Structure formats: structure tokens, C-alpha cells
Amino acid sequence: MFLNSWLWRSRHLSRSPLLLLRSRSIFLASSCTTELLASQNASEHQHSRKLPSTVPRIRPWWNVSWSSGYRNPSMEAEKKVASGEDSYGNESKQASSTEFLDFPGGKVSYINELQFLSESSPVRVPCFQLLDEYGQVAEHACLPEVDKLLAVKMYRNMVLLQTMDTLFYEAQRQGQFAFYLTTIGEEAINIASAAALSNDDIVYAQYREPGVLLWRGFSLNEFANQCFTNNLDYGKGRQMPVHYGSSKLNYPTVSSPIATQLPHAVGAAYALKMENNPACTVTFFGDGASSEGDFHAAMNFAAVLEVPVLFICRNNGFAISTPTAEQFKSDGVVAKGQAYGMRSIRVDGNDTLAMYATIKAARVMAISESRPILIEALTYRVGHHSTSDDSAKYRKQDEMQHWKMIRDPVFRFRRWLEGQRWWDPEADKQLRSESRKEVLAAIRSAGPLKKPSLSSLFTDVYDSVPSNLKHQEEEVRATVSRHWSDYPSDVPL
Ligand SMILES: Cc1ncc(C[n+]2csc(CCOP(=O)(O)OP(=O)(O)O)c2C)c(N)n1
Ligand SMILES: [Mg+2]
């Protein structure tokens with residue numbers, strides 16, 4: 001019963017038209033997100049380093065009072081306890097104003113019945129959706145402000161991303177480079193999130209979010225150079241393919257160990273907060289990453305330090321071959337937000353407009369209220385985990401086909417665009433043909449380029465190469481000279 005009642009309200013509720021937060025950890029735009037989005041659009045036209053007028057200045061950390069009242073999000077609950085209401089908002093029959101525990105973490109009312117909290121809410125957290133599977137606007141849906149220019153740009157990027165994935169995947173299967181993984185099925189999460197962010201926001205990605213880079217202007221040649229690990233690759237071939245990075249585009253390089261990007265994003269968000277910088281950090285991660293300790297550490301730090309970071313979980317059903325049912329017992333990932341005192345939402349990750357509205361609203365809250373937000377985007381990994389995987393071994397083909405054909409986010413968005421009369425089959429045919437040519441051109445130009453030299457393996461970490469690395473280089477060179485016939489001829493010594 002108490003799970004259905006109010007837990008707490010945002011301490012900014014009275015100021016923000018946005019939020020109602022219920023115990024089932026959803027946030028919903030009050031009547032419509034458009035009011036908020038309109039003000040945000042207007043703010044983006046101001047100088048990037050100036051605070052947008054709609055975003056209140058962030059209180060510098062050194063002015064923050066670290067009393068439990070400020071840190072504890074349950075101030076409302078605390079007041080209720082003091083006034084005889086229990087901390088779940090129920091009118092307390094038992095507790096008088098003196099029957100509570102004045103605990104350092106906040107006041108807690110007593111009850112005299114033995115009661116355990118249920119392991120889960122009786123109802124699953126609902127999923128925010130604006131466009132149904134046929135691209136029709138859902139009943140009572142309130143669409144974000146997306147004009148033709150923006151909508152078509154999003155669609156073009158989604159198609160280009162899908163085309164890049166298809167052709168890069170084939171190039172890898174032909175043996176042109178070592179490894180690849182696709183984002184197919186997750187184009188809406190990639191592109192709609194990117195479109196809703198500002199380029200000043202720092203993105204700490206996992207590996208299935210190249211669409212964010214694409215949106216920010218990373219060229220097809222830059223993608224291809226990284227995958228072919230040629231001498232134009234910024235990482236000089238020292239990362240696996242698809243581990244892209246660009247300091248220019250505020251996208252730190254992807255790292256292979258899962259979930260390590262999450263604490264980094266929190267630390268960077270803390271730095272933004274200290275600098276009063278009106279930007280946020282954004283970290284993308286999979287359902288599998290949420291099973292790592294780093295996820296939990298990052299969530300807790302972010303909530304306690306009250307930093308502007310968006311945790312965008314792509315719950316695509318699998319961590320390689322492990323289905324989510326074998327990963328966690330909770331109601332997905334969204335349910336974990338409240339446990340850490342973090343506002344959270346579950347959204348249809350295959351619905352471009354719902355993703356866009358969610359990230360746009362979450363970004364405003366994160367910056368203006370200096371708080372982390374957890375977003376669980378439900379989607380499905382249509383491709384194999386990577387080129388090292390065969391998903392037919394552990395999942396049903398008809399399930400995969402259903403998501404690929406019926407729930408394709410690109411096709412769904414196209415149906416909506418066509419309904420708006422902003423797109424037509426002829427334009428689609430032309431876009432797909434152009435995209436194909438552009439991707440093939442990037443593959444053809446990146447493939448023949450020389451690889452970075454062997455000596456670059458040992459540079460760029462230390463100012464001058466330390467003796468242990470010098471020793472390792474000598475060992476590698478000795479091995480190469482012993483097995484010269486096995487050494488790849490396109491890697492200069
Ligand atoms: C710390 C760590 N453990 C295990 C792995 C091996 N690994 C690579 S990807 C992956 C699955 C990640 O799944 P998820 O986070 O759901 O992302 P998805 O691939 O589904 O997008 C695993 C276990 C790793 N790279 N790092
Ligand atoms: Mg996954």
C-alpha cells in the first residue's frame with residue numbers, strides 16, 4: 001500500500017513544471033514536455049559557455065551546506081515524520097510527533113507491526129512511449145518540439161549508421177579488419193540521444209553508441225581509419241576496432257573493460273559542477289554493464305555528490321549470451337534508481353521521439369538541479385554481440401526477427417516522417433544509395449593505408465619511455481626477427 005503513495009517530491013518541485021515523482025520511480029512531464037523543450041531550445045541559441053537563462057546557476061560546491069537536510073532527498077518525508085505523517089506519506093495512526101528516530105541520516109518514523117518491504121513493486125515500471133510500432137502517435141501523447149529539419153537530420157543519421165554497420169560488418173567478415181560489432185536495432189537510442197544533447201556534454205560511451213559520434217560530425221573516414229587501425233587512426237591501432245574516441249567531439253575513447261566508463265563520467269560531472277559549467281556528462285552502458293560493481297559505485301557517488309550526469313542504460317536483453325533474467329532479479333535497471341536516491345525513467349528505446357523527449361528533459365533537470373538521472377531504454381540487440389559471437393546458439397531466431405522487422409526503430413520513425421509528409425519512398429531510395437556509396441568510399445580509402453609503426457606501441461603514455469617498456473620493445477623486436485615470415489608486412493618497424 002505504501003509503495004503506491006508518494007515517497008517524496010523533488011526539492012525543486014515547486015519551481016519546476018516538470019516533475020512528479022512517484023514511488024514507482026517514473027518521472028513524467030507534467031502536461032507536456034514541450035514547454036520545457038521550447039525553453040531549452042531557446043537557451044541553446046545563447047553563447048555555449050554562458051548559462052542559459054532557463055537554467056539556474058549551479059551552486060558551487062564550496063557554498064553548499066552539507067547538512068543532512070540538503071543532502072537527503074527525503075526532506076519532504078522528514079517534514080511529514082515530524083508532523084506525524086509517516087515517511088511514506090500515509091497519515092500515521094501510530095506515530096505522534098515524538099515517535100520517530102532522530103537518525104543522523106534523517107528522521108524515521110516507528111511502526112509497531114513487523115513489516116518487510118516487498119522485494120518489488122506490485123506493478124512493473126511502465127515504459128514511456130510516444131510512437132507506437134506503426135509510427136502512429138500514441139493516444140494522449142504530447143510530442144516534443146521537433147521540426148522537419150531536425151527530424152529529417154535524425155532519420156538521415158539513423159540510416160547512415162545502419163548502412164555503416166551493415167557494410168563494416170561485411171568488410172570484417174571478409175577479413176579486412178579484426179573485429180566489429182553493430183548497433184542495429186539501437187539506432188534510435190544513439191541518434192535521438194545525441195540530438196537531444198549539446199556538443200558540450202561529455203559522452204562516456206560503451207561501444208554500441210557510434211551514432212553519437214556520427215551525429216557530432218565524426219566522419220565515415222574517421223570511423224573506417226579506426227576499424228582498419230591505419231596510421232590515421234587517432235589511437236594508433238592500440239585499441240580494438242569500434243573503440244572510437246575524439247577529444248574534439250567530447251567523446252573519451254571507449255575502453256574494453258565493461259562499465260569502467262561510469263565512474264569516469266561521474267568524476268567528470270563533478271568537475272563540471274565545480275566549474276559551474278552548464279553542461280552534463282552522459283554515460284551509455286548495457287544491461288550487462290549494470291551487473292558490474294562500477295555501475296553501483298558510480299550510481300552511489302553520483303547521487304551523493306549530486307552531479308549532472310545522465311546514466312543511459314541500453315537494456316537490449318543480453319550481455320553477450322546471458323539474458324537479463326539471469327543477470328538481475330529486479331524490475332530491470334530502472335528500479336535501481338530509487339535505491340540510490342536517483343530520479344529515473346523507463347523509455348521505449350526504439351521510439352525516436354520518446355528517446356528525444358526523455359533525454360532533452362533529463363538533461364535540463366541534470367544541469368539546472370545538479371542531479372544525476374537514470375534512464376533505462378528498452379530495446380533489443382538485433383545483431384550478434386560481435387563478430388566473435390553466434391547468437392543463434394542462445395536465442396530464438398523468430399524473437400530476433402520480430403524485433404528486426406516489426407520493432408525496427410528506423411522504420412518506425414520513417415513511418416511517422418511520411419505521415420508528416422516530410423519524407424517519401426523516393427527520398428528514402430536516394431538516401432540509402434548515397435549512404436552506401438559514402439560508406440564504401442570510406443572503406444576503400446582506409447583499407448590500403450599503412451599501419452602505425454611498431455615503435456608507436458610504446459609511446460604516448462609517459463613523457464619519455466621508461467626502462468621497463470624499453471625492455472619490452474627489445475623483446476618484441478627480437479621475437480619479430482626470429483619469426484620474420486609471420487610479421488605483417490604493412491606494419492612499419
Ligand atoms: C569487466 C569485463 N568483463 C567482461 C567483459 C567481456 N564482455 C564484453 S561485452 C560483454 C557484455 C556486455 O553486455 P551489455 O553491457 O549488456 O552490452 P551489449 O553488448 O548488450 O550492448 C562482456 C561480458 C569485459 N569486456 N569486461
Ligand atoms: Mg546488453
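Colleague: Which residues of the largest nonpolar core touch the most other members?

Modeller: This is a predicted model, in which local features need pLDDT of at least 70 and side-chain atom pairs count only at pLDDT 80 or more, while totals for chains, interfaces and linings use all residues. Residues are numbered from 1 along each chain as its sequence is written, and chains are lettered from A and ligands numbered from 1 in the order in which they are written. A nonpolar core is a set of buried Ala, Val, Leu, Ile, Met, Phe, Trp, Tyr and Cys residues joined through C-beta atoms within 7 Å, where buried means 20 or more other C-beta atoms within 10 Å, exposed 12 or fewer, partly exposed in between, with C-beta atoms placed from the backbone. Among the 100 residues of the largest such core, those touching the most other members are Ala192, Val309, Leu310 and Ile375.

Colleague: Which helix gives the most to this core?

Modeller: Helices are DSSP runs of H or I with at least four residues, strands runs of E with at least two, both numbered from the N terminus. With 12 residues, the one that gives the most spans residues 352–368 and is helix α11.

Colleague: Are the buried residues of α8 on the same side or on opposite sides?

Modeller: Buried in α8 are Gln261, Leu262, Ala265, Val266, Ala268, Ala269, Leu272 and Lys273. The arc is taken from the directions from the helix axis to the C-beta atoms. These residues cover an arc of only 165° around the axis, so they lie on the same side.

Colleague: Which elements do the buried residues of α8 pack against?

Modeller: Contact means C-beta atoms, placed from the backbone, within 7 Å. By that rule, the buried residues of α8 pack against β3 (202–204), β4, α9 (293–305) and β5 (309–315).

Colleague: Is Ala259 buried or exposed?

Modeller: Ala259 lies in the loop between α7 and α8, and its phi is near 75°, a positive value in a residue other than glycine. With 22 other C-beta atoms within 10 Å, Ala259 is buried.

Colleague: Which residues come nearest to ligand 1?

Modeller: A residue is near a molecule if its C-beta atom, placed from the backbone, lies within 6 Å of it. Of the 16 residues around ligand 1, those that come nearest are Ile258, Gly286, Gly288, Ala289 and Ala319.

How values were computed:
Contact = placed C-beta atoms within 7 Å.
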